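Hi there,

Here is the structure I promised to send over. Have a look at it first, and then read on for my notes.

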Amino acid sequence: MKKSVILGTLTVAGLAAGMASAATLDDVKARGELICGTNTGLTGFAAPDANGVYQGFDVAVCKALAAAVLSDASKVKFVPTTGETRFTALASGEVDLLVRNSTWTYSRDTDLKLDFVAVNYYDGQGFMVKKDLGVSSAKELDGATICIQTGTTTELNLADFFKENNITYTPVTVADDSEAQRQYTAGACDAFTTDASGLAATRATLADAENHVILPEIISKEPLGPVVRHGDNNWGDVVRWTFYALVAAEELGITAANVEEIATTSTNPEVKRLLGTEGDMGAMIGLDKDWAKRAIAVSGNYGEIFAANIGESTSIGLARGLNAQWTQGGLMYAPPFR
Amino acid sequence: MSELHAQTVPFVRDSMLPQELPPASQRGAVKWVRENLFSGPMNTILTVLSLLVVFLILQSSLPWWLNSVWNANSLAECRAAVQAMAGEGATGACWAVIRERWHQFMFGFYPRGLYWRPVLAFALLFVALAPVLFGDNARKRMILLACVAVALVLALIGVGTDLAHVSFAIVAMAAILAVSHLAPARLIWATLLFPAVGFFLLWGGSVWGPIGVLMGFGVLVAVYRLLLPMLGVVMGTALGFLAACVWWLMIQTHVTTVLHNLMPWGLEAIDSDQFGGFLLAFTIGVTAIAASLPLGILLALGRRSDMFLIKTLSVGFIEFIRGVPLITMLFTASLLLQYFLPPQTNFDLILRVIILVTLFASAYIAEVVRGGLAALPRGQYEAADALGLDYWKAQRHIIMPQALKISIPGIVSSFIGLFKDTTLVAFVGLLDPLKGVTAIVRADINWKGIYWEPYIFVGTIFFLICFGMSRYSMYLEKKLKTDHR
Amino acid sequence: MAIVADVPKDGFRLSMLIYDTRFRSITIQVVVLILFLLGVAWLVNNTVENLAAKDKDIAFGFLWNRAGYDIGQTLVPYTNDSSHIRAALVGLVNTLVLAFFGCIFATILGVFAGVLRLSNNWIVGRLMTVYVEIFRNIPLLLWIILVYVVLSETLPTTADFRQSAQLIADGLPPTVSMSFGGTVALTNQGLNVPAPFFARGLGQISLGGMTISLNTLLVFAVVIGSFLANRALRRNAAKVQEATGLRPVIWWKSLLILFAPIILVCIALGLSFDVPVFGRFNFAGGISIAHAFTAMLVALSLYTGAFIAEAVRSGIMAISRGQSEAAFALGLQPGRTMKLIILPQALRIIIPPLISQYLNLTKNTSLGIAVSYLDLRGTLGGITLNQTGRELECMLLMMLIYLIISLIISSLMNLFNSAVKLKER
């Protein structure tokens with residue numbers, strides 16, 4: 001009894017209590033810490049290193065947000081969530097936002113009472129098979145055993161795709177990314193399906209990458225992005241525009257290295273508005289003037305983050321593709337800062 | 001006959017023949033082998049089969065063990081080292097991953113400079129358990145405490161603690177040893193204070209938080225003492241409890257805040273989400289078992305009660321908890337608890353998991369205690385009644401001391417079971433040593449694709465701990481068997 | 001309380017509610033009831049408020065919506081067009097099948113290991129001790145993962161069964177061929193065995209949404225019938241033995257009664273086997289048992305078997321030595337002593353812990369999450385919960401079902417226990 005009383009009291013005493021109130025921004029500022037729901041471990045996107053420090057593409061977005069809101073990129077706590085617990089963790093206020101490879105779908109946005117504020121990675125579901133199977137299209141996979149991660153939209157997409165093409169398959173559901181890779185490598189399934197970025201990452205780490213091919217079919221749209229609770233529009237704005245600040249920075253040529261210099265020298269009115277040298281854009285979302293400058297200074301603009309974590313120079317080696325700037329033929333298009 | 005005798009020289013043996021060895025087949029290793037391995041056709045077959053099994057296991061795994069690599073920075077380096085050592089196509093264990101990540105398997109993300117805190121808390125756990133484990137034997141207790149002290153110092157140095165904290169730990173253990181030698185009865189205070197001390201060491205924060213909670217118990221005792229002559233036991237306890245609740249819920253934070261502002265003493269606060277590995281397993285296991293003991297005893301008494309309602313509620317609770325898998329309780333902690341608590345309360349997942357695991361364990365402890373109660377001869381109850389003791393007095397002085405003593409082995413096995421089951425917390429996103437930390441290690445691009453080594457490492461530690469505890473429980477059982485039945 | 005009659009009848013005082021033993025229990029119960037109801041009301045109130053705040057409701061209607069996902073192992077008809085409740089049923093059946101076979105194998109293994117641990121063969125005794133201790137002291141989760149990894153890493157891949165163009169050109173057979181005369185294939189994806197089917201069907205009857213094949217019914221009826229007939233035969237033989245002292249030779253009659261009818265029925269119905277053949281990617285046809293199931297079954301049986309072995313051993317040790325000495329004095333051999341004297345007596349001691357092990361095993365099937373075995377937790381408490389976001393409904397339903405399973409098992413086993421219990425007069 002004694003211990004449970006102590007723990008219970010502590011809870012009530014507010015030591016561990018956080019309020020999931022409507023104004024997340026105020027909570028975050030009062031707490032002095034941003035709580036970011038993340039993946040339990042997905043190479044390149046979010047995984048802790050030997051010192052327990054989270055690194056990755058999604059992690060960088062959280063850090064930029066912490067820098068914008070709290071002026072300190074290190075004031076962010078990462079809470080690992082599984083595919084099953086992620087939305088509950090967000091809805092219950094356990095995390096302030098979720099940046100965890102979550103696909104923006106109609107029912108999640110409406111029925112689950114979530115708000116997807118932006119898309120930080122445009123993905124699509126694909127297939128990887130061993131070259132010696134001689135398969136060149138996903139439509140030839142009739143009767144194959146397919147490894148699939150459970151608790152994701154990929155399950156439904158897969159079922160729909162095979163139904164549509166009137167072919168059959170045997171699903172082998174696996175719990176996480178590393179397990180899926182092990183099964184596929186061991187040959188326990190003929191094909192592995194997940195988001196194309198995940199496939200590329202997996203293929204890159206295989207010992208015999210040249211013996212595996214990613215099939216041309218992309219059977220779904222998987223817009224992955226940060227998620228906040230429904231109904232807190234101000235907080236949603238903060239997250240959305242912090243992310244778009246990173247995208248706009250790439251478009252405007254602002255990098256982590258030159259952000260200070262550009263802030264003082266630039267004559268471009270949009271750059272000046274973004275970096276707070278002209279007007280006070282920050283006040284409109286409850287932040288100060290330099291919010292975007294700080295966000296960009298953490299790990300650079302969108303392009304830099306991409307290149308450092310999952311880009312072609314890393315071992316994951318993803319091409320920009322759909323995630324290039326709209327000027328480069330991609331879909332990354334920041335609305336104007338005006 | 002007699003004639004024959006008359007003609008023969010009477011034979012008198014004057015020197016004894018040296019004793020002959022038994023026949024070769026009836027002595028030494030041969031006899032042992034015959035009796036224990038080949039005593040019949042059936043046994044021979046079994047022996048041969050067993051030897052075959054052992055041989056096959058060794059043949060398939062020995063090269064892997066022998067080609068172990070300890071120094072490498074990634075799996076690829078490991079593989080290269082094995083190839084270089086044992087030739088193309090050889091397989092070998094890559095223990096370098098353990099060497100690099102052992103601290104995550106042990107402590108999760110607990111800050112590296114602060115490892116002395118969990119280690120010290122772990123040592124104090126043994127101190128707290130000493131009166132329970134060896135309450136009756138002063139010498140054994142001293143030996144145990146001395147061993148704990150030595151192990152503590154070695155472990156502290158092992159995790160790279162600075163000198164100041166090592167010497168602090170030495171002083172603390174010396175003080176405890178002195179208390180144990182001079183006034184063994186006082187050692188019970190170490191047990192009573194341990195929850196607060198352990199909490200303070202693990203989570204840190206202001207020292208006034210735990211002290212404030214302890215002061216609540218002080219309030220309880222003070223009010224009880226004050227009201228006892230006037231209102232009697234029942235009302236005294238009830239009002240004391242009420243006063244303590246008022247203290248905890250309304251007054252404590254104000255007082256501790258003031259005290260903290262005056263004297264800001266404390267340790268660096270650690271968030272629960274930095275707990276992981278065996279630290280997490282022990283935190284959940286020990287807290288849940290300790291907290292479930294009082295609850296379990298109450299439930300066991302309730303189940304044996306004559307009062308219909310209390311019995312029904314106790315049985316309902318126990319059977320419900322025992323009827324559902326632990327994993328559903330864990331998912332309840334992570335998914336459902338937010339629905340059952342007042343809106344806008346939200347506390348961290350580890351705490352929620354501990355609460356649910358405590359409820360889970362209390363049902364099992366209740367059954368163990370019920371077994372202990374049932375094992376007591378009816379005469380003990382009757383004797384207590386004959387002495388004119390009321391219900392609670394009889395429980396406290398006669399029934400519980402005996403019933404709990406009988407239940408200790410059962411409680412230890414419950415703890416073993418629970419400790420093994422703490423691995424399931426990985427499924428709600430906590431960093432248990434078996435699946436949580438392993439998944440993190442494998443998400444690192446350097447160690448992607450490593451399987452056996454982390455599992456073997458974690459499995460070995462689990463085995464050592466659980467095996468040790470089960471042996472201890474068997475020893476206790478043997479010791480207790482003599483005085484009952 | 002013999003002095004109840006002497007209690008002075010001087011009216012009722014309020015303090016008697018606490019200090020009078022006649023009223024105290026009522027007082028306590030009333031207080032507890034009030035507290036309990038308040039607690040329940042508090043929880044319900046919180047839930048209602050929380051649901052309102054999240055703009056959600058409690059409704060089970062979603063269970064009849066299209067599930068949309070596929071399940072690897074389906075023992076009742078299911079497609080991704082079926083409803084969520086159907087998926088939950090598939091999961092429930094998977095749980096029960098796993099628990100059923102797990103209990104059987106664990107019992108066999110446990111009894112053997114428990115008996116062999118007491119064997120006077122040194123090496124066998126030690127091996128069994130090692131087995132029991134290792135499995136009892138390492139988390140089940142580790143065993144499940146380990147068995148699963150071993151199965152999928154060490155067995156031949158399906159590619160090894162393929163007759164590739166290169167091999168045809170070289171005139172070589174595939175690397176691995178099917179065992180048991182080309183009928184069974186063990187790959188790292190699963191075990192493929194021939195599926196029995198009847199060429200001449202008797203048709204089907206429909207019972208409340210479930211279609212039951214008359215063939216299956218007939219086979220079951222015949223099996224149960226011959227089983228009962230065999231029991232009657234044995235009872236008759238026992239009667240003859242008691243009357244005359246001679247036991248009639250019945251083993252061939254017994255065999256005939258047990259197997260002849262079912263073989264005849266199978267021939268009449270045209271039993272044949274659908275042998276798995278290698279298709280484009282892997283084996284098609286026959287029955288395919290995925291390794292998620294096998295791994296769960298093996299790990300659960302080994303783990304629970306170790307606990308059962310311990311129960312069996314302590315049950316046997318509890319039988320007084322005089323029993324086996326008396327049996328030896330009667331001239332019984334060790335094997336028969338164990339079978340006829342020791343085990344029947346030990347059974348009474350073994351059964352209570354056995355019940356709790358069966359319950360544990362059934363609950364532990366929920367660890368299928370580790371290898372994504374789609375049991376009840378995997379379908380209803382996993383994918384359905386995840387896709388619909390109905391945590392409260394799915395979790396409550398799932399707990400309720402587990403609770404019912406547990407209660408059924410424990411009441412069945414308690415019935416059995418009271419049947420074999422020593423009848424004291």
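Before the notes, one definition: two residues are in contact if their C-beta atoms, placed from the backbone, lie within 7 Å. Please also keep in mind that this is a predicted model.

**Where chain B meets chain C**

With that cut-off, 42 residues of chain B are in contact with 45 residues of chain C. On the chain B side, α3 (41-66), α12 (308-323), α13 (326-340) and α18 (452-481) each supply at least two residues. The largest share, nine residues, comes from α13(B). By type, the residues of chain B that touch chain C divide into 29 nonpolar, 11 polar and two charged.

Let's follow C:Ile144. Leaving aside neighbours within four places in sequence, C:Ile144 is in contact with C:Ala295, C:Met296, C:Ala299, C:Leu367, C:Ala370 and C:Val371.

C:Ile144 is also one of the buried residues of α5(C), among them C:Trp143, C:Ile145 and C:Tyr148. Helix α5 of chain C (residues 140-154) has 15 residues and reaches 21 Å from its first C-alpha to its last, close to the 21 Å expected at 1.5 Å a residue. Because 11 of its 15 residues are buried, α5(C) is largely enclosed by the rest of the structure.

The unreviewed UniProt entry annotates "transmembrane region" in chain C at several places, including residues 130-151 and 250-271. In the model, residues 130-151 of chain C are 86% helix and 0% strand, with the end C-alpha atoms 22 Å apart. Residues 250-271 of chain C are 86% helix and 5% strand, and there the end C-alpha atoms lie 29 Å apart.

Which strands pair with β1(A)? One is β4 (residues 76-81) of chain A, which pairs with β1(A) in the parallel sense over six bridges; there, A:Gly37 has A:Val79 as its bridge partner. Another is β5 (residues 97-98) of chain A, joined to β1(A) by two bridges and also running parallel; in that case A:Cys36 is partnered by A:Leu97. Six of the six residues of β1 (residues 34-39) of chain A are buried, so the strand is largely enclosed by the rest of the structure.

Most residues other than glycine have a negative phi. Phi of A:Asn101 is near 40°, and phi of A:Asn166 is near 60°. Are these residues buried or exposed? A:Asn101, in the loop between β5 and α5 (106-110) of chain A, is buried, with 26 other C-beta atoms within 10 Å. A:Asn166, in the loop between α6 (153-164) and β10 (169-174) of chain A, counts as exposed, because it has 8 C-beta neighbours inside 10 Å and the cut-off for exposed is 12 or fewer.

**A glycine in chain B**

Finally, B:Gly277 lies in helix α11 (residues 277-303) of chain B and counts as buried, with 26 C-beta neighbours inside 10 Å. Not counting residues up to four places away in sequence, B:Gly277 touches several others, including B:Phe105, B:Gly108, B:Leu431 and B:Val437. B:Gly277 and B:Gly436 are 159 residues apart in sequence and 7.8 Å apart in space, C-alpha to C-alpha.

Best wishes

Note on methods:
Residues numbered from 1 in each chain as written. Chains lettered and ligands numbered in written order. Predicted model: local features only at pLDDT ≥ 70, side-chain atom pairs only at ≥ 80, totals over all residues. UniProt positions renumbered as here; feature names shortened; annotations may be inferred. Helix = DSSP H or I, 4+ residues; strand = E, 2+ residues; numbered from the N terminus. Nonpolar A, V, L, I, M, F, W, Y, C, P; charged D, E, K, R; others polar. Buried ≥ 20, exposed ≤ 12 C-beta atoms within 10 Å, placed from the backbone. Pairing = 2+ DSSP bridges. Expected span 1.5 Å × (residues − 1).
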